[in-house]
Amino acid sequence: MRTPCLPVLAVVSLLALAPRARPQDSHYWTNQYGTRATLLGGAVIGSVLDLSGTFYNPGGLSLIEKPATIMATQIFHYPRLTLTGYGKNVVPQNAHNLGPAPSLVAGTIRVRGLDKHWFGYSFLARQSVKLGASVSSTGVRDVLPGVAGAEEYASQFRLEEKIAESWFGLTWSYKLSKKVGVGVSQYVAARSHRAYVQELVEALGAGGGLAVALGSRQYRYSHFRILWKIGLAADYDDITLGLTMTTPSVGLSGTGSTGVNSSVAALDMDGDGVGDDYLASDYQDNRSATYRSPFSLAAGVTVKIRKVRLYGSAEWFGRVPAYTVVDSADFQAQSTGETLSTDVTQELGSVLNAGVGLEWFYTARFKGYASFTTDYSAKRSGTVTNVALTDWDIHHIVTGAEFFINKSALTVGLGFSFGNREIGTRPDIIGHGGLVGMWDPFDSLRFRFTTYKLIVGFAI
């Protein structure tokens, strides 16, 4: 059965572009936790610092002589996602939200009689994304290859998305010897994700006929899972070492909804003088949903040279094979009867991230920090997915200072993250053999991602 070109263009473009505006779906080192760990870019896997070890390396917590009883960190960030390369006569409307970034709250659970054991709890916002972007354009060009001459056109792309994932953890750490500790943190992860995308293309021919193609895609899901982080730490006089392993997550429950609406009106694709109208629309609720996170191995080292500390860490994340996040039933297009699907899918490749940090002591009550870390995308080139398609690499730069006041510590810092990339190959959602020669209004889009951070933390 022949596949109409413009509706396919609308749906394929829509499903390909929508997920690309999520700079954290295929990145693992975007967010950091704890005051000092954030200033050091998270390159603290081989360090024994503070209660941030509940996340970075639970093995080192039993080695801290006087850990803080509670720690809270607040990071304000200003993420910016910009669409460029769209052409002339463009009106972008991008929502940039200044607000709190994912943070950590952790504390100690005291148990008498277990001197070599350390117990604690933690809550961290693993992901917190709220984005909105819209770009509109008008002009004159040859939009339709089957129609002679240029057409007046109008196009619009709109995206709204929100992701929230929280981890609730309990940590146990045991001192194997004076210098070596082992530990494990068990997390319960709660994730919610919703997105809405709309793409509109209109073309007015020389004879006054108007062709309209509208595509919209929406999905929502929530999911609960559990996972474990196991750590080993060694703290010597001039060097500290650490190893961690994070298990793949085990799903507990999940539900979601998904839907698509693709329509074309008054477009003559075969030249017979009759508009080839098209409609494919379907919405489904209460569908089963799941979400998977990868296995990872990490190692870190800290070298102590007089008043300077050099930090280095690297973490390898394993591949996540293709799977269905929201499983929907197939449906038939109303106008053609062809069988389509609105499944939400995911696939991630393996990736290695690394970072370095520097800490120097000006005085007994004042320290400075600087760090640089990589945050490579786990999106596999050429894969057919419609959840995680962000294929640009992000780099993080952070600097700051820590002040000691009596028995408390105040930490402040600034951070900058950046990454950009042109849109790559689009997934074959429905099939687009008839797209040859069809002008794509979104083909030259480039996404530029930047984030500015203000870090404020305290420990008592």
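Predicted model: local features only at pLDDT ≥ 70, side-chain atom pairs only at ≥ 80, totals over all residues.

Trainee: Is Phe295 buried, partly exposed or exposed?
Mentor: Buried means under 20% relative accessible area, and exposed means over 50%. Phe295 has 28% relative accessibility, so it counts as partly exposed.

Trainee: How far apart in space are Phe295 and Arg319, C-alpha to C-alpha?
Mentor: In sequence, Phe295 and Arg319 are 24 residues apart. Phe295 also contacts Trp316, Phe317 and Gly318, among others, when neighbours within four places in sequence are left aside. From C-alpha to C-alpha, the separation of Phe295 and Arg319 in space is 7.9 Å.

Trainee: Which residues have the most contacts inside the largest nonpolar core?
Mentor: This core has 24 residues. Elements that each supply at least two residues of this core include α3 (53-56), β5 (117-141) and β7 (180-204). One of the residues with the most contacts inside the core is Phe55, which touches Tyr33, Leu124, Arg126, Trp167, Tyr187 and Lys229, not counting residues up to four places away in sequence. The residues asked for are Val44, Phe55, Leu124 and Trp167.

Trainee: Which strand gives the most to the nonpolar patch on the surface?
Mentor: The patch is formed by Phe76, Phe403, Ile405, Leu410, Val412, Leu414, Leu454 and Val456, with about 640 Å² of accessible area together. At least two of its residues come from each of β20 (394-405), β21 (408-422) and β22 (446-459). With three residues, the strand that gives the most is β21.

Trainee: What is the phi of Asn286?
Mentor: Asn286 lies in strand β11. At 65% relative accessibility, Asn286 counts as exposed. Although this residue is not a glycine, its phi is positive, at about 55°.

Trainee: Is Arg306 buried or exposed?
Mentor: Arg306 is found in the loop between β12 and β13 (308-317), and it has a positive phi of about 55° although it is not a glycine. Its relative accessibility is 82%. Because exposed means over 50%, Arg306 counts as exposed.

Technical notes: Residues numbered from 1 in each chain as written. Heavy atoms only, no water. Core = buried A, V, L, I, M, F, W, Y, C linked by side-chain atoms within 4.5 Å. Buried < 20%, exposed > 50% of the residue type's maximum accessible area, 1.4 Å probe, protein only. Helix = DSSP H or I, 4+ residues; strand = E, 2+ residues; numbered from the N terminus. Contact = heavy atoms within 4.5 Å. Patch = residues over 30% accessible without salt bridge, like charges linked within 9 Å, V, L, I, M, F, W, Y side chains within 5 Å. Areas by Shrake-Rupley, 256 points an atom, 1.4 Å probe, with all protein chains shown as cover. Salt bridge = Lys/Arg side-chain N within 4 Å of Asp/Glu carboxyl O.
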